[in-house]
Amino acid sequence: MENNLLLKVEGLKTYFFSREGTLKAVDGVSFDIKRGETLGIAGESGCGKSVTAQSILRIVPQNGRITGGNILFNLNERGFINLVKLNPEGEEIRKIRGKEISMIFQEPMTSFSPVHTIGNQIMEVIMLHQALSRKEAKEKAIELLKKVGMPKPTQMIDAYPFNLSGGMRQRAMIAMALSCQPSLLIADEPTTAVDVTIQAQVLELIKELQKELNMALIIITHDLAVIAELADKVLIMYLGKNVEYASVDELFYNPKHPYTKGLLASIPKLGKGSRQRIEPISGSVPSPYEMPSGCLFHPRCPRFIPGVCDKKEPPFIEIGENHKVSCFLYKR
Ligand SMILES: Nc1ncnc2c1ncn2[C@@H]1O[C@H](COP(=O)(O)OP(=O)(O)OP(=O)(O)O)[C@@H](O)[C@H]1O
Ligand SMILES: [Mg+2]
């Protein structure tokens with residue numbers, strides 16, 4: 001495999017099992033990321049974005065399991081390792097988490113323990129993966145807090161998470177995630193819990209740090225504007241499936257799947273004022289326990305072809321350079 005390739009996810013399936021039945025949260029998802037590249041993953045709530053991220057880090061909750069596919073991750077001189085094969089509690093994945101692959105969440109409180117200072121928690125991560133003394137780790141933590149724009153980092157290092165504002169907590173979480181210079185950062189809705197001005201600052205910060213560290217990024221969001229701003233390529237998901245996968249330009253200027261078109265039509269356009277018509281996608285996401293037959297989107301699709309879309313599942317086909325779609329409207 002090419003050396004520039006960092007992550008290759010092939011046919012990933014992650015299911016949850018309960019008395020109600022099997023919930024196919026992620027059902028055959030494939031994508032790849034090169035070093036330093038940014039992939040955006042978008043789709044309506046419940047389509048499997050977070051579970052995809054949890055699968056990569058092997059932090060899928062107890063009632064769920066990866067039932068198929070591969071997650072190949074490039075560990076440089078050690079070559080590619082299939083993360084699916086690792087014990088989720090084992091030594092190997094723990095060495096990868098935080099050091100090679102880091103994650104930031106929508107709500108920073110989920111990353112921090114409320115009873116320890118943010119400085120101690122960042123130092124913990126640093127010392128877990130690097131042979132540094134406490135003093136050196138503290139200096140590094142201060143440097144990181146400075147880098148993410150934390151005011152008075154030498155004092156803030158002794159603050160508890162609840163002492164910080166939402167935006168500052170977000171910055172502290174980013175500092176912790178970047179403390180070991182991971183080659184991949186996964187940001188799951190990193191800005192939905194903060195207001196718009198802070199959102200812009202946090203995105204700008206992620207972008208800058210990404211460039212500086214030549215870090216690859218998976219940005220998960222249902223805000224396509226964020227994707228347009230940050231991503232090189234985009235994966236659109238619906239009910240655990242790949243719907244469309246394309247370079248960011250292709251996706252925004254030449255969208256193919258009716259679902260992608262629907263998502264694009266439902267974002268307000270800049271400069272068009274408040275009287276523009278925003279068209280939401282008709283219908284709602286069905287219950288994951290009562291999946292439609294054929295193409296999962298057919299009950300909501302404006303281009304539904306009876307006898308075709310409700311009968312078979314559309315294959316995920318390549319329709320152009322850097323452009324794949326799963327829809328019967330298109331031929332290879
Ligand atoms: N621990 C769990 N147990 C059972 N089902 C789960 C669990 N976590 C997620 N799911 C289900 O898996 C599916 C995918 O969830 P996921 O959290 O990945 O969606 P998402 O795309 O991240 O949505 P959102 O935009 O709301 O964050 C959903 O149907 C969800 O209810
Ligand atoms: Mg989510």
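Modeller: Let us begin with L264, which touches L224 and P255, not counting residues up to four places away in sequence. Contact here requires C-beta atoms, placed from the backbone, within 7 Å of each other.

Biologist: Where is L264 found?

Modeller: L264 lies in helix 10 (residues 258-265). Helices (H or I, at least four residues) and strands (E, at least two) are DSSP runs, numbered from the N terminus. This is a predicted model: local features need pLDDT of at least 70, side-chain atom pairs count only at pLDDT 80 or more, and totals for chains, interfaces and linings use all residues. Residues are numbered from 1 along each chain as its sequence is written, while chains are lettered from A and ligands numbered from 1 in the order in which they are written.

Biologist: Why does L264 count as partly exposed?

Modeller: Because L264 has 16 C-beta neighbours inside 10 Å. A residue is buried with 20 or more other C-beta atoms within 10 Å of its own, exposed with 12 or fewer, and partly exposed in between.

Biologist: And what is the C-alpha separation of L264 and I281?

Modeller: Their C-alpha atoms are 9.8 Å apart, and L264 and I281 are 17 residues apart along the chain.

Biologist: Changing topic, which residues are closest to ligand 1?

Modeller: A25, S45, K49, S50 and V51 are the closest of the 16 residues that surround ligand 1. A residue is near a molecule if its C-beta atom, placed from the backbone, lies within 6 Å of it.

Biologist: Which element gives the most to that shell?

Modeller: Helix 1, with three residues. Strand 2 (21-34) and helix 1 (49-57) each supply at least two residues.

Biologist: Now the strands: which one pairs with strand 1?

Modeller: Strand 4 (residues 64-74) pairs with strand 1 (residues 5-18) in the antiparallel sense over eight bridges. Pairing requires that DSSP finds at least two bridges between two strands. T14 has I66 of strand 4 as its bridge partner. Strand 4 also pairs with strand 5 (residues 80-82), in the antiparallel sense over three bridges, where the bridge partner of F73 is I81.

Biologist: Finally, where is confidence lowest?

Modeller: In helix 7 (residues 196-213), at a mean of 84, whereas strand 4 is highest, at 98. These values are pLDDT, the predictor's confidence in each residue, from 0 to 100. The mean for the protein is 91, and 96% of its residues reach 70 or more.

Methods. Contact = placed C-beta atoms within 7 Å.
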